Amino acid sequence: MSTVIVTGGAGFIGSHTVVELAAAGYDPVIVDDLRNSDERAVRGIAHIMGRGPRIHRIDCNDAEAMDRVFRAHAPVHGAIHFAAYKSVNESVAEPEKYFANNVGSLKVLLATMDAHHVGRLVFSSSCTVYGQPAHMPVTEEAPAHNASSPYGQSKVQCEDLLRDRARTHAAAKTVMLRYFNPIGAHPSGHIGELPLGVPQNLVPYITQTAAGMHERVVVHGTDYGTPDGSCVRDFIHVVDLARAHVRALEWMEEQRAPLCEVFNLGMGRGVSVLEALKTFRETSGVEVPWSVGPRRPGDIAAIWADTSKSREVLGWAARLTVSDALRDAWHWQQRL
């Protein structure tokens with residue numbers, strides 16, 4: 001089997017991708033120090049796969065440790081880089097932390113890949129690079145230098161670094177996947193989103209509130225220029241997102257020439273925060289109390305994806321619905 005290094009592979013998106021990689025015949029090797037994840041994710045992966053995943057509990061900024069991982073698993077077929085801080089709110093308060101970790105860990109990974117002659121890389125980017133787009137749905141050609149938070153700006157810097165590498169490394173094949181809003185959980189209920197502390201993302205806060213862990217969901221702003229005044233996002237099931245990473249690897253294998261491509265990953269339609277609350281009630285039968293709070297720094301009003309390029313070039317499209325994702329997220333929360 002072809003070995004794929006998965007940094008941040010015990011995290012929300014990483015854990016689901018490890019499962020899909022194994023199902024597709026790859027041999028995933030996790031690199032994750034578990035600072036933003038949990039041992040339960042590793043156990044959940046093992047339950048689904050029927051065997052424990054190989055994991056190295058190291059910091060991706062540790063160049064010597066990364067070199068040892070690549071030596072131990074040579075030859076390495078490719079890498080998928082998830083390891084990064086990802087909270088928009090936290091990045092506004094601690095921008096230096098985000099640039100040092102997110103850009104720094106990518107530099108270490110690229111240097112390690114070059115030293116071991118590994119060309120294929122799938123990079124976890126984000127729709128936050130667009131900021132508030134002038135036109136919707138947003139395409140990959142939209143300006144990617146209007147990020148409204150240090151988190152988004154760190155992803156812009158990473159993308160620029162990868163483009164520079166593509167120009168100077170003849171064997172480099174890079175796919176940058178700009179996620180919109182991943183939600184949901186594995187349908188088995190063995191892995192899902194497991195935030196440390198109070199969730200920063202909407203869906204785990206909804207499910208935790210439904211489970212009685214919080215008094216109510218705070219909707220941060222109902223005075224945006226959207227149909228119901230709440231923020232609009234393009235929610236995508238995490239299993240669909242995981243499948244896209246596998247497809248990106250397969251697609252790179254099919255291409256003979258070096259490449260550096262970017263793809264939007266979303267459902268291709270916007271759903272508001274209030275709509276998400278309504279859909280959760282319809283899906284679960286649980287009424288979740290909510291109240292209106294102030295806008296959050298770094299939030300944009302609305303964004304959703306044009307996924308034409310992903311369908312036509314990458315050969316990928318979302319299969320699951322927002323209702324599917326909320327159902328699976330609630331199942332995961334109940335198992336917890």
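How accessible is arginine 35? In this predicted model, arginine 35 is partly exposed, with a relative accessible area of 31%. Its salt-bridge partner is aspartate 33. The closest N and O atoms of this pair are 2.9 Å apart. Aspartate 33 is likewise partly exposed, at 30% relative accessibility.

Aspartate 67 and arginine 71 form a salt bridge, with an N to O distance of 2.7 Å. Both residues sit in helix H3, which spans residues 63-72. They are four residues apart, so about one helical turn separates them. Their accessibilities were also computed. Aspartate 67 is partly exposed, with a relative accessible area of 22%. Arginine 71 is exposed, at 58%.

A further salt bridge joins arginine 295 and aspartate 223, whose closest N and O atoms are 3.1 Å apart. Both partners lie in loops. Arginine 295 is found between strand E13 (290-293) and helix H10 (308-314). Aspartate 223 is found between strand E8 (217-220) and strand E9 (232-233). The pair therefore ties together parts that are 72 residues apart in sequence. Arginine 295 is partly exposed, with a relative accessible area of 45%. Aspartate 223 counts as exposed, at 54% relative accessibility.

Salt bridges also occur as a network. Glu159, Asp160, Arg163 and Arg178 are linked in this way.

The cysteines were examined next. How many disulfides does the structure contain? The count is zero. Cysteine 60 illustrates the point. The closest cysteine sulfur to that of cysteine 60 belongs to cysteine 158 and is 12 Å away. This separation is too far for a bond, because a disulfide requires two cysteine sulfur atoms within 2.5 Å. Cysteine 60 is buried, with a relative accessible area of 6%. Cysteine 231 is in no disulfide either. For cysteine 231, the nearest cysteine sulfur is that of cysteine 127, at 12 Å. Cysteine 231 also counts as buried, at 7% relative accessibility.

Notes:
Residues numbered from 1 in each chain as written. Predicted model: local features only at pLDDT ≥ 70, side-chain atom pairs only at ≥ 80, totals over all residues. Heavy atoms only, no water. Salt bridge = Lys/Arg side-chain N within 4 Å of Asp/Glu carboxyl O. Buried < 20%, exposed > 50% of the residue type's maximum accessible area, 1.4 Å probe, protein only. Helix = DSSP H or I, 4+ residues; strand = E, 2+ residues; numbered from the N terminus.
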